[in-house]
Amino acid sequence: MSKKKKLILEAARTLFNENGYHDVTIRMIALKMNMSSGNLNYHYKKREDIFEALYFEMVAEFDQRIHVLPNTEVSIEQLRNDVESSMKRMLDYTFFWTDLYNLLSISDRVRDHFQEVYKKRISGCFLLFQKLKQKNLMRDASFEKEYNFLAERMINYGNTWLYSSRLYSNKLDTHNIDYYVNAYLSILFPFLTSQGKSEFQNLLPELFG
């Protein structure tokens with residue numbers, strides 16, 4: 001990707017985050033870049049092309065994390081670090097996660113990828129559960145679908161925490177997302193073994209007074 005295209009994406013992402021995707025025009029992006037709309041169209045024909053490029057730029061890191069999970073050594077601390085990293089990455093693309101439902105209808109490529117990744121994320125959750133159980137950090141399921149429901153809850157929270165946070169505050173940034181990271185991890189707590197809960201408490205003693 002050329003340097004100019006990267007700068008256009010950076011400018012567009014800033015504007016989308018500030019104003020929302022639907023309220024930003026190609027002309028506004030061009031003005032921020034101090035270039036003509038025609039010059040910008042040379043690099044990206046439509047606003048939707050910019051949206052697609054930003055989406056796949058964003059998910060490249062998420063896709064890579066899923067890819068390397070089979071060879072990743074898991075622990076509660078490693079899991080927390082991954083969750084925190086993912087949430088900070090999502091903050092850089094706030095416009096997408098706060099308007100997820102509507103934006104998925106813009107591009108077939110984006111919607112198809114998002115739906116395909118959903119399946120990989122479910123598989124990734126089950127691989128994570130398996131690894132945690134192998135290290136005696138997570139208990140066996142109590143009934144057949146228990147961990148299916150757990151995977152669903154984790155993925156749904158991961159998709160919607162940023163939208164939910166903006167319902168109540170506009171001050172969220174990379175320095176104060178600990179609450180949401182810990183809330184995500186707490187979904188797992190009831191499913192941990194005594195050893196897992198001990199590791200959890202040692203990592204996050206502030207949650208236990």
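Is Phe-95 buried or exposed? Phe-95 is buried, because its relative accessible area is 5% and buried means under 20%. The views below come from a predicted model.

**View 1. Phe-16 and Phe-95 form an aromatic pair.** The ring centres of Phe-16 and Phe-95 lie 5.1 Å apart. Their planes meet at 55°, so the pair counts as tilted. Phe-16 belongs to helix H1 (residues 3–19). Phe-95 belongs to helix H6 (residues 94–97). Phe-16 is buried, with a relative accessible area of 0%.

**View 2. Ring pairs build a cluster.** The structure holds 19 aromatic pairs. Ring pairs join Phe-16, Tyr-21, Phe-51, Tyr-55, Phe-56, Phe-95, Phe-96, Trp-97 and Phe-114 into a cluster. A pair of aromatic rings is described by two things: the distance of the centres and the angle of the planes.

**View 3. Ile-50 sits in the largest nonpolar core.** This core has 65 residues. Ile-50 and Phe-96 touch the most other members. Helix H4 (residues 47–68) supplies the largest share of the core, eight residues. Which residues is Ile-50 in contact with, leaving aside its neighbours within four places in sequence? They are Ile-8, Leu-9, Ala-12, Phe-16, Ile-26, Ile-29, Leu-40 and Tyr-44. Phe-16, one of these contacts, is also a member of the ring cluster.

**View 4. Two charged residues lie over rings.** Lys-5 lies over the face of Tyr-44, at 5.2 Å from the ring centre. The charged end of Arg-13 sits over the ring of Tyr-93. Here the distance to the ring centre is 5.2 Å.

**View 5. Gln-78 is a buried residue in helix H5.** Helix H5 spans residues 76–91. Gln-78 has a relative accessible area of 16%, so it counts as buried. Its side chain makes a polar contact with the side chain of Asp-82, at 2.7 Å. Leaving aside neighbours within four places in sequence, Gln-78 is in contact with Thr-72 and Glu-73.

**View 6. Asn-182 meets Arg-80 through a polar contact.** Asn-182 is in helix H10 (residues 178–186). Asn-182 counts as buried, at 8% relative accessibility. A polar contact of 3.3 Å joins the side chains of Asn-182 and Arg-80. Leaving aside neighbours within four places in sequence, Asn-182 is in contact with Arg-80, Leu-204, Glu-206 and Leu-207.

Notes:
Residues are numbered from 1 along each chain as its sequence is written. This is a predicted model: local features need pLDDT of at least 70, side-chain atom pairs count only at pLDDT 80 or more; totals for chains, interfaces and linings use all residues. Side-chain values use heavy atoms; hydrogens and water are left out. A nonpolar core is a set of buried Ala, Val, Leu, Ile, Met, Phe, Trp, Tyr and Cys residues joined through side-chain atoms within 4.5 Å. Buried means under 20% relative accessible area, exposed over 50%, partly exposed in between (1.4 Å probe, protein chains only). Helices (H or I, at least four residues) and strands (E, at least two) are DSSP runs, numbered from the N terminus. Contact means heavy atoms within 4.5 Å. Rings of Phe, Tyr and Trp (its six-membered ring) pair if their centres lie within 6.5 Å; planes under 30 degrees apart count as stacked, over 60 as edge-to-face and the rest as tilted. A charge sits over a ring if NZ of Lys or CZ of Arg is within 6 Å of the ring centre and within 35 degrees of the ring normal. A polar contact is a pair of N or O atoms within 3.5 Å; within protein, one must be able to donate a hydrogen and the other to accept it, and residues adjacent in sequence count only if both atoms are side-chain atoms.
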